[in-house]
Amino acid sequence: MSILIEQVTKRFGAQLVLDRVSLGVAPGELFVLLGASGSGKSTMLRVVAGLTMPDRGRISLADRDVTTLAPQERGTGFVFQNYSVFRHMTVGQNIEFGLKLRNVSGSERARRRDELLDLVGLPGLASREAVRLSGGQQQRVAIARALAYEPKVLLLDEPFGALDVKIRTQLRRSLRAIHDRLRITTLLVTHDQEEAFELADRVGLMDRGRLIEIGRAEELYARPRSLFAATFLGSGTVLTGHHERGEARFQGLEFKLPHGEGREEGANAHLLIRPEDLLVSAAPPPAGQPALGTGAVIDQSFAGAMRRVRIRLPIHAEVHQASSPPSGPEGLTVDALLPSGDVLPAHDVWVTLRRWHFLEPPAASLLVADLGRGPTAPLEVARDLARGLDAQVTVLGVAADARESDQLGHRIARRQRRSGLSAGELRMRFGAPAIQILNEQAELLSQMIVLGPRAGRFAWFRGPRAVPPRRIGKTIVTLLEQSRVPVLVVIGPWHELLHLAVVTIGDAGAAGLLRAAARLARPLGMAVTLIEVEAAASSVLDGTRAPRPAAQDPLESAGVGIRSRQRIAARNLDEMCSGVLEVTADLIAVPVIRHGPQEINEVAPLVTEILSVADRPVLIVPTQR
Amino acid sequence: MSAPPPRAPGQESAPGPPPPPAAARVRQFRLPESLGPVTVLVLVLLPLLLMPLAAVFVFAFRGGPEAFVAALATRESQFAMRFSVLIAFATAILNAALGTFAAYVLSKFRFPGRGALNTVVNLPIAIPTVVVGTSLLLLWGPIGLLGSALEPYGLQPMFAPVGVLLAHLFVTFPYMLGSVKPLLDELEITYEEAAATIGASRWQTFWHVTLPALRGSIFTGALLTFAHSLGEFGATVLVSGNLRLRTQTAPLYIFAQFEAGNLAGANAVAAVLATLSFVIFFLLLNLSRRAEKPS
């Protein structure tokens, strides 16, 4: 490997800028790090050059460990966005600078200088004052200067960012041509997708300090593995469903799609549909084609040879929020491309899938919200869960402001060490706890939120109210209403998670709850007790009345044994609640019901009651009816 | 392939300003609006600045050119002028090095107490020069804190050329710093980083990259220092002891001759000093104009 980056981590204060980044760039490769501003890509480049020192991790250049070396000793050529051509020198002096420092003879320097000037397309300009050149020419000088002493790698930090579009395209072509000539290992950083696609042999996508995905441009676009790559590059709709018996099923949609091997039963399925994957027609498609249904054209725009058509379908499918175009409560909105000449009716347009792509299930990850005080049971439970589920843990501290942030960060880090959770990456945010926890979950795609009963900053000041005390603060209420992933409220001291009690309330969301329970119980080896609160009784509480399905089905198909099954039919909440709590269990799982894609979860009074009086951890699972 | 650029609304329909009627283009004679304020300003400046400056030259040449040359030819005036120029040169060169170094340290390094140090180095601007002279005397004088320690070795910086140099360095220190530091602060770190990746050590970077970028402002600072040193009086009069043919600078000589009633002698040297200052001033003006021009 020409450039080898291993587990590099860098913090600026409490801010995590690089998070365990690992990357290998092959000799002669042109690798592009692509990401939005603030994603850490420039810091990564500076770490390779030695201009920034990493907190952890190793950098090797041409199989030599350079982690502790100064930039002067690394032999890299660096090109900056602002050119940084030395102003008081001529073009020639700029290029020869590195050779002069290495005591190369005058004639050799001149030979090399002229060669490089030819290479970058500025022949005969050696005696020009560098600052008299245009921006594009200055950047060419900077590239020649960086290549003069034959560095092992060429590093470019947004090299075309300050240039106008036309010059940028020219210079991009020149760079590619130079690279094809010299075959020097090159690492380039940009936020410009087009630039990355045009230049790169391979692209690495960065987001919030992490290297999310690496691949050739076409691969990343057509067959991304991660949700981030799917939504960052190009547009497209991501439907969320689940895997069941070798097929992916989607709420609100008729079809089932076959998918590859190795999908976990009950796990989420993310289906990426690009505009060019959709077939739009006035006539219904032949039978057997997976059709989304019929919808109305709500917008059209000219895009050269193709026309972009936006169609709204009256389907309440579950759509990931990062989808483009976004879908609202009115239904599923998709973009399709079709030839400009084609004519479509405004209504009753058939939308059929021509191609589709499943995203990889994201690595299991847990998000623990910590207050920096109180019992450390949530951290300890998260540690056990992470071990059992083979998941990564991120610990989140929410501070009131930046000043409080560092102090809180130190306190939480101490608690992490005490709880044996040092491996968990600590992140800090400021603002309202519930919102920040939800934002962090959405960005990290964590599959579970773990927190203590009083996660709000001000919960401390709430006096005792009823007996038994109501332990759930505003933060938890907001999370229950808005979270799209299970929320584990760790009540009471830590103990081992051996028995799981799953409480179904009528049939509402039972299937989703049982799928979630199975995914937890199987890897952790938990024994499951199924508690079915009678539909007759629960109807008093939330008005549900429907025939009870074969509720144990997902558990059995996932291979989880049910230890016992109980049915509770009580007159009131108190009786029901104490009935649930009588069951031997270390963890109680209850459902909250989500309706549309945007709506808040419906929290049954029984769930609130259980949370208020429980003496053990409660897992709240948002599921759909 | 791409859509045509959006046209600004109303670009075509909005009428431009109507062409001026032919009659309005006939030039009418009117007193320029500026006449009043300019007259007032000149009238104020005349007794305030212009006449005193002229007076120096008028008085210097009142006895004819021979008297002027004779007044400049005395041993004392010759010494005073040479000593002043020498001290100004030494001050400018020493401060160019010291000030640039201070600016570099204050601009490139982050250390505790940096803010305080930044304030302290600019303090000499605010302190009356007489107070500077007094404090130097209290430190280096024969009964001063350090002076008394040096006394047994026969070292006596006060009432000697070294003392004058010390006073001038103190008083002019902020000018160099004020000229170099802003530029250094603005000079982007990427220039130094570029040099570092190319392989230049910290010193090589400073010598080949940073210093050349500062050339202009170092020269400006040195000129400013030179000019201030040439005219420095308050601190010099205290630390020099005003010893003729030993520590007497040109301003001190002028003052001494005035006191002794030798107006011709005083004016001749004053005229030379004024001329020298004019030259430096126009040099500085020229330099700053050139710096302002876009590259």
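**Entry 1**

I started with α2 of chain A and listed its buried residues: A:Val91, A:Gly92, A:Asn94, A:Ile95, A:Glu96, A:Phe97, A:Gly98 and A:Leu99. For "buried" I used this rule: 20 or more other C-beta atoms lie within 10 Å of the residue's own, while 12 or fewer makes it exposed and anything in between partly exposed, with C-beta atoms placed from the backbone. Since 8 of the 11 residues of α2(A) are buried, this helix is largely enclosed by the rest of the structure.

I kept in mind that this is a predicted model, where local features need pLDDT of at least 70 and side-chain atom pairs count only at pLDDT 80 or more, while totals for chains, interfaces and linings use all residues. Residues are numbered from 1 along each chain as its sequence is written, and chains are lettered from A and ligands numbered from 1 in the order in which they are written.

What covers the buried residues of α2(A)? I found that the cover includes α3 (106-119) and α4 (135-147) of chain A, together with α8 (189-198) of chain B. After the helix comes A:Asn103, with a positive phi near 55°. My helices (H or I, at least four residues) and strands (E, at least two) are DSSP runs, numbered from the N terminus.

**Entry 2: where chain A meets chain B**

I looked up the contacts next: 21 residues of chain A touch 18 residues of chain B. Two residues are in contact if their C-beta atoms, placed from the backbone, lie within 7 Å. On the chain A side, β6 (76-79) and α2 (91-101) are the elements that give two or more residues.

**Entry 3: a strand with both faces covered**

Is β8 (residues 185-190) of chain A enclosed or open? I found 6 of its 6 residues buried, so this strand is largely enclosed by the rest of the structure. A:Thr185, A:Leu187 and A:Val189 lie on one side, with A:Thr186, A:Leu188 and A:Thr190 on the other.

I then looked for its partners, remembering that two strands pair if DSSP finds at least two bridges between them. β3 (residues 30-35) of chain A pairs with β8(A) in the parallel sense over 5 bridges, and A:Leu34 stands opposite A:Thr190. β7 (residues 153-157) of chain A also pairs with β8(A) in the parallel sense, over 5 bridges; here A:Asp157 has A:Val189 as its bridge partner.

I also noted that β7(A), helix α5 (residues 165-182) of chain A and β8(A) make a right-handed β-α-β unit. Right-handed means that, with the strands pointing away from the viewer, the path from the first strand over the helix to the second runs clockwise.

**Entry 4**

In chain A I traced 4 strands forming an open antiparallel sheet in the order β2-β1-β4-β5. At the edges, β2 (15-25) and β5 (64-65) each have a single partner strand, so one side of each is left without a neighbour in the sheet. Inside, 5 bridges join β1 (residues 3-12) to β4 (residues 56-61), and A:Ile5 stands opposite A:Ile59.

Another open sheet of chain A has 5 strands in the order β13-β12-β11-β14-β20, with antiparallel pairing. Its edge strands are β13 (256-258) and β20 (357-358). Between β11 (residues 237-244) and β12 (residues 247-249) I found 3 bridges, with A:His243 opposite A:Ala248.

**Entry 5: stepping back**

I ended with the whole of chain A, which has 17 helices and 30 strands. Of its 625 residues, 46% count as buried.
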